[in-house]
Amino acid sequence: MRGGDGMNAVLAELGRRYVERWVALLVLPGLLYVAGAAVAYRLGHTHWADLGRLTGLLEPGGPLDGRRPSSVWVFVIAVLPVLSAAAGLAARGAAAALGRLWFEPWPYGLRRLARRRTAVRAERWEAADRAYRAELAGAGARPSAATGARIDLLAARRNAVALGPPAHPTWTGDRLDAVHARVWGWYRLDVVFSWPRLWLILNEAEQNALRVARAELDAAVTLAGWGVLTVLPALWWWPSLLLAAGVFALGLRRTRGAVDTLAHLTEAAFDLRAAALARELGFEVPEGRLSPETGAQVTAHLRKHV
């Protein structure tokens, strides 16, 4: 069972109640996007900074001069929302493609590139791990404060690449995969089969924390999708490329933070409720954390020979 499948099950479960957020995430930003694209088209490459060209839109001789008020209202009420929704769906499509690259195995045509990127990341991780272990081995039983700080720094550098040997071409994919690996290694619980049952015994505050984390992840990836879509107006207004790069970089940064938060919260749910899950399923579990032996029995029970 692939670790990515485990976190994909978590993401799917948490994302079911957020269809209504599309209005806030897509349609309203779509209005801003359509307005910005219109402004960019009005300015063009030659007059890219001439804001004075915008003041003539409603003046005599401008593009809207001579149009009947009814036709303007039809555009505002009927056409503009449709264009905004179309832009929002396009941004959602770009976000879905980014999510495929960031969280899931890459499609067939990109497999070779994925293997190369994974190999490069694995080399970086192994080098950082060797430096960490060498410092740890030379520190002795009671390292000094300076040595301890050095060890912590080397561990942070290694973990910045991945929490374990990289198996994905992206940091986000490895970070989500680490949840499955850590839960399996500590409790012998399969995230794919145990998560739906675990979700049912979480209290409302715990569920809401996970929902908020998933919503933040959706918003971050969608922001990166808007960054991709903002490249299009660069065909007629070149500064759009700079804006697109800034929006995409911000979306990527927020995505990394949201992935890390969601991964921590998901792992915390298992840390706090794994033993309770076993008890709810009828296993005798003493007070304290779930043992790997009992966890393996729970996993076998949940898999039902699958």
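Visitor: Where does F283 lie?
Guide: In this predicted model, F283 lies in the loop that runs between α9 (240-280) and α10 (292-303).

Visitor: And which residues is F283 in contact with, leaving aside its neighbours within four places in sequence?
Guide: With those neighbours set aside, F283 is in contact with A278, T294, Q297, V298 and H301. As for V298, its C-alpha is 7.9 Å from that of F283 in space, and the two residues are 15 apart in sequence.

Visitor: Changing topic, how many cavities of 30 Å³ or more does a search of the whole structure find?
Guide: The search finds one cavity of 30 Å³ or more, and the space in the largest cavity comes to about 30 Å³.

Visitor: What lines the largest cavity?
Guide: Its lining is made up of N159, A162, L163, W171, D174 and R175, which divide into three nonpolar residues, one polar and two charged.

Visitor: Which helix gives the most to that lining?
Guide: That is helix α6, residues 171-187, which gives three residues to the lining of the largest cavity.

Visitor: Now L229: is it buried or exposed?
Guide: L229, whose place is in helix α8 (residues 204-229), counts as buried because its relative accessibility is 16%, and the cut-off for buried is under 20%.

Visitor: What does L229 touch, not counting residues up to four places away in sequence?
Guide: On that basis L229 touches Y33, A87, A90 and A91. Of these, Y33 is 196 residues from L229 along the chain, with a separation of 9.1 Å between their C-alpha atoms.

Terms used:
Residues are numbered from 1 along each chain as its sequence is written. This is a predicted model: local features need pLDDT of at least 70, side-chain atom pairs count only at pLDDT 80 or more; totals for chains, interfaces and linings use all residues. Side-chain values use heavy atoms; hydrogens and water are left out. Helices (H or I, at least four residues) and strands (E, at least two) are DSSP runs, numbered from the N terminus. Contact means heavy atoms within 4.5 Å. On a 1 Å grid over the protein atoms alone, a cavity is a set of points where a 1.4 Å probe fits but cannot get out, and a pocket is an open set with protein on both sides within 12 Å along at least five of seven lines; lining residues have an atom within 4 Å of a point. Grid points are joined across faces, edges and corners, and a volume is the space filled by probe spheres set on the points. Ala, Val, Leu, Ile, Met, Phe, Trp, Tyr, Cys and Pro count as nonpolar, Asp, Glu, Lys and Arg as charged, and the others, Gly among them, as polar. Buried means under 20% relative accessible area, exposed over 50%, partly exposed in between (1.4 Å probe, protein chains only).
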